[in-house]
Protein chains: 2
Amino acid sequence: MTYCVGMLLDEGLILMADTRTNAGVDNFSIYKKLHLLSDGEDRNIFACTAGNLSVSQTAISIVREGLPVEDPADEDGRRTLDEVPTMFRAAQLLGAAKQVATHQVAQALAGINVPVGASTLLGGRVGDAPPELYLIYDAGNFIQCKTDTPFFQIGETKYGRPILDRELKRDMPLADALKFGFLSFDAAIASNLGVARPIDIMVMPADRSRPILTRRIERRDDYFDDLSDRWAEALSKASHGIPNPPFMT
Amino acid sequence: MTYCVGMLLDEGLILMADTRTNAGVDNFSIYKKLHLLSDGEDRNIFACTAGNLSVSQTAISIVREGLPVEDPADEDGRRTLDEVPTMFRAAQLLGAAKQVATHQVAQALAGINVPVGASTLLGGRVGDAPPELYLIYDAGNFIQCKTDTPFFQIGETKYGRPILDRELKRDMPLADALKFGFLSFDAAIASNLGVARPIDIMVMPADRSRPILTRRIERRDDYFDDLSDRWAEALSKASHGIPNPPFMT
């Protein structure tokens, strides 16, 4: 399993991904699922992946090598994320790469009943445009994050969703949003063995004068440990403070 | 969708079930999913159902009419929950009824790709034994609730699980446990349109001198409304009170 969150806020873009992959409960490993796909003066493009790891890795390798150009006269041309003019085109390209990867893997896995689904969060900026966030589905089609719901999740989404539904606001500071992201991960980690630290994070301020932050929250991390303890204590205190049903006397 | 919780505590047994059934989001109804299956001087047997409604209803009708006895000489005999000597036998009987119901429905539904899965919480007491709680799976096999984890869930289980994992204790008073059950339903209702009030509840004290309580929490209910508001406020206050990440300054 896996858990990844992307948040698109007025102040910028946040991506968060755990690092646990597993096939059953007796075969698990640490794999980075937050990838830097293109980095240059005019662009910073990141992706988080969930689902079938071979499909995700193949899709990312394909998009890094470049896909064939549509013009058959241009024999050497490849389309890569280093040249796409917009994040929309980046989503199209990664979607196409995922279709190629799924096609390559699907036949082999159909016989042994292993699912090939792999979803991706694609976030970043190209040129002068503000950061954008896309959710690319298994089939390679995608949707863009808009203003009403400022986040996407992939992987084990349910445990960590309520806190985001309740508290995440598009106009909150990045630091606040990141904290709610950690609380969301805390819930997913508490209830699903398939989600675990380390957690990789990327924070891209909309203000280009501020640097992009990438950081790994390790298995032991004073801040996350403290957040987890405080949250457990606060939940317990809050829930015990609510009155019991009046008909149970 | 559906959400049901069963809790087996030192002080007794609690069953809770929402009442929403839906096929898609444009076809939903209120159906009672908490059923009294057998009621007598020496027994009180209840069940909550989730999954394919036609399978659940058929299984309950079959077990009410009675299954054929295993002795072929006894042509008129039927096995019903009114005669089983233990809750274990009740679980066996309902499991068998579910297998018959699934068999009847499965062929018809296979062609139109509708899932036939239906899981059941079976709780109650027979004779002098204390209350017992069983989870009967789609296939009719079942497990019994034991001391380490004092609850079972069926249906839309994930949103409402963290609060139970964190706070429900086998040795807490029934009134406290019921409150945590309501908080669990509040989470499921907030995040899944397929779970909704009214909520049916059944509280069976282990102490036989105390009466069994059955009650419906309606769409508007002062206690539940207040609980939901207090919980939202407490979560917000608690989460906002946690410090932001120190590296986000």
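1. At 71% relative accessibility, B:Asn113 counts as exposed (buried is under 20% relative accessible area, exposed over 50%, partly exposed in between, with a 1.4 Å probe and protein chains only). B:Asn113 has a positive phi of about 60° although the residue is not a glycine. Its place is the loop between helix H2 (87–110) and strand S9 (118–126) of chain B. Helices (H or I, at least four residues) and strands (E, at least two) are DSSP runs, numbered from the N terminus.

2. Basis of the values. This is a predicted model, in which local features need pLDDT of at least 70 and side-chain atom pairs count only at pLDDT 80 or more, while totals for chains, interfaces and linings use all residues. Residues are numbered from 1 along each chain as its sequence is written, chains are lettered from A and ligands numbered from 1 in the order in which they are written, and side-chain values use heavy atoms, with hydrogens and water left out.

3. Backbone of chain A at Asn113. A:Asn113 also has a positive phi, about 60°, without being a glycine. The residue is found in the loop between H2 (87–110) and S9 (118–126) of chain A, and with a relative accessible area of 71% it is exposed.

4. Cis peptide bonds. In chain A, the bond from A:Arg197 to A:Pro198 is cis, with omega near -5°. A:Pro198 sits in the loop that joins helix H4 (174–191) and strand S13 (199–205) of chain A. In chain B, the bond from B:Arg197 to B:Pro198 is cis, with omega near 0°, and B:Pro198 is in the loop between H4 and S13 of chain B. Most residues other than glycine have a negative phi, and most peptide bonds are trans.

5. Symmetry. Chain B can be laid on chain A by a turn of 180° and a shift of 0.0 Å along the axis, with an RMSD of 0.0 Å. The two copies are thus related as by a two-fold rotation axis. The superposition is by least squares on the C-alpha atoms of residues with pLDDT of at least 70 in both copies. Of the residues of chain B, B:Tyr159 comes closest to the axis, its C-alpha being at 2.7 Å.

6. Extent of the interface. Contact (heavy atoms within 4.5 Å) joins 43 residues of chain B to 42 residues of chain A. Of the interface residues of chain B, 98% are also interface residues in chain A, so the copies meet through the same surface. The chains bury about 3,900 Å² between them, 66% of it on carbon and sulfur atoms; buried area is the accessible area (1.4 Å probe) that two parts lose on being put together, summed over both.

7. Elements on the chain B side. Those giving two or more residues to the side that touches chain A are H3 (161–167), H4 (174–191), S13 (199–205), S14 (213–217) and H5 (222–240) of chain B. H5(B) gives the most, with 11 residues.

8. A residue of H5. B:Arg230 lies in helix H5 of chain B and is partly exposed, with a relative accessible area of 38%. Leaving aside neighbours within four places in sequence, B:Arg230 is in contact with A:Ile242 and A:Pro243.
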